2 protein chains.
Amino acid sequence: MSLPHAILTALLEKPSSGLELTRRFDRSIGYFWSSTHQQIYRELGKLEEAGQIRALPSTQPARGRKKEYEVLPAGREALAAWVALPEDPKQIRDPLLLRMRAAAVVGAPGLTAELRRHLVLHEKQLAEYLAIERRDFPPGRDSEEDRLRHLVLRGGIDLENFWIGWLTRALAQDSGQVTPARPSGP
Amino acid sequence: MSLPHAILTALLEKPSSGLELTRRFDRSIGYFWSSTHQQIYRELGKLEEAGQIRALPSTQPARGRKKEYEVLPAGREALAAWVALPEDPKQIRDPLLLRMRAAAVVGAPGLTAELRRHLVLHEKQLAEYLAIERRDFPPGRDSEEDRLRHLVLRGGIDLENFWIGWLTRALAQDSGQVTPARPSGP
DNA sequence: GTTATCATGTAACAGGTTACATGATTTT
DNA sequence: AAAATCATGTAACCTGTTACATGATAAC
């Protein structure tokens, strides 16, 4: 039940076409709710039929022609209602943790390399978030909207830091226990 | 593509029936890959048909009768192959972060209470993990299997700590900025 | 005019959720 | 014998993914 609300949020921030939304889901919004253009078009259709958004009447609709949407009052109300709804945190679902548990049973050649690879990816993601933070939230700008959006970004940053910390500790343990300690150099 | 491998892992740890698996998915395995009995039965059927597991021949099969499965060599090989496969970390997908971003646009009455509720839930989950850690990983037991399983549990613990930290900071900011500072007491 | 790319879609499928159905076993 | 619960399953639906199709516009 989250994608339509992600779309409503994005459209309230700025009316857009399906492709524009897709691009924005590859950046800001997608950092905590990713999606593909197929899903977005499908959902835009449903939202329009439900009377929560409408296509701007500026251009006549046709396949291949750009179609921009804006949120109708009903859509804004639906979004506000959803925000107010309590929802429990989901159980973790992480393939890497699962693979590690499986590795405890069937063995794990190459798992260390995989952990290192993930570490690099998370470090890259962290650097990206930090760049966004510097760009979008310089000290001083503190409206309520900025505060909330900054908190969301902080969530992403903290989460990457969690992974980096965990992976680093896992790798340290790994090299300390599995590979015999071996000073570098020839 | 993870559920079948979660099931294979669980069955290698201990041959079980569908219901027993369901219960174990509510505890240990489910802490990083949750599932329901419907999905588990469906997947057990597929795995049996694919020749990766088989029902123990001790009882004749019938609806309502317990049916225990064990992993066949093909299943163990498939699991080992999957463990060795590289797989990128997924994008974050969190409804709470999304709701916060939406709240920046449509307002957020009651969001503070929701954050507090989540904080309590994460603290409970953390306490549960720590109890498991004390019970299953007392200092000293350091086989390779234990080491990997302990790392997985540590992942869960660190993740709960991430949420607790983030929520605490969010709430501190919230009370500091929105509600006027007000000393407790009459 | 051909090629690239912008833009909107369709179709088929896989994975996950919710609601319901039904047989077997144990407890009272 | 009735009720509880153990145990397996079906069906419908929703969400998400992958592959493909097609029209409009811009660049060369």
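Predicted model: local features only at pLDDT ≥ 70, side-chain atom pairs only at ≥ 80, totals over all residues.
Two strands are said to pair if DSSP finds at least two bridges between them. Strands of a sheet pair through backbone hydrogen bonds, in either a parallel or an antiparallel manner. The sheet of chain B is open and contains three strands in the order β1-β3-β2, with antiparallel pairing. Its edges are formed by β1 (16-17) and β2 (53-55) of chain B, each of which pairs on one side only.

The size of an interface is often expressed as the accessible area lost when the parts come together. Chain A and chain B bury about 6800 Å² between them, and 65% of this area lies on carbon and sulfur atoms. Phe32(A), Leu98(A) and Arg101(A) supply 12% of the area that chain A buries against chain B, more than any other three residues. In terms of contacts, 68 residues of chain A meet 68 residues of chain B.

Six salt bridges are counted between chain A and chain B. Arg101(A), already named for its share of the buried area, forms a salt bridge with Glu13(B), in which the closest N and O atoms are 2.9 Å apart. On the side of chain A that touches chain B, two or more residues are given by each of α1 (3-13), α4 (73-84), α5 (95-106), α6 (111-136) and α7 (144-177) of chain A. The largest share, 19 residues, comes from α7(A). By residue type, this side of chain A divides into 33 nonpolar, 16 polar and 19 charged residues.

Sugar and phosphate account for 51% of the atoms of DNA strand C that come within 4 Å of the protein. Phosphate oxygens of DNA strand C lie 2.7 Å from a polar backbone atom of Leu19(A), 2.8 Å from a backbone N or O atom of Lys67(A) and 3.1 Å from an N or O atom in the side chain of Arg93(A). The elements that give two or more residues to the surface near DNA strand C are α2 (18-25) and α3 of chain A, together with α3 of chain B. Among these, α3(A) gives the most, with four residues. The surface near DNA strand C consists of five nonpolar, eight polar and ten charged residues.

DNA strand D is likewise surrounded by 23 residues, the closest being Gln38(A), Gln39(A), Leu19(B), Tyr41(B) and Lys67(B). Of its atoms within 4 Å of the protein, 57% belong to sugar or phosphate and the rest to bases. Base nitrogens of DNA strand D lie 2.7 Å from a side-chain N or O atom of Gln38(A) and 2.9 Å from a side-chain N or O atom of Arg42(A). A phosphate oxygen of DNA strand D is 3.4 Å from a polar backbone atom of Gly18(B). Two or more residues are given to the surface near DNA strand D by α3 (37-49) of chain A and by α2 (18-25) and α3 (37-49) of chain B. This surface divides into four nonpolar, eight polar and eleven charged residues.

Terms used: Residues numbered from 1 in each chain as written. Chains lettered and ligands numbered in written order. Heavy atoms only, no water. Contact = heavy atoms within 4.5 Å. Buried area = accessible area lost by both parts, 1.4 Å probe. Salt bridge = Lys/Arg side-chain N within 4 Å of Asp/Glu carboxyl O. Nonpolar A, V, L, I, M, F, W, Y, C, P; charged D, E, K, R; others polar. Near = heavy atom within 4 Å. Polar contact = N/O pair within 3.5 Å; in protein donor to acceptor, adjacent residues only side chain to side chain.
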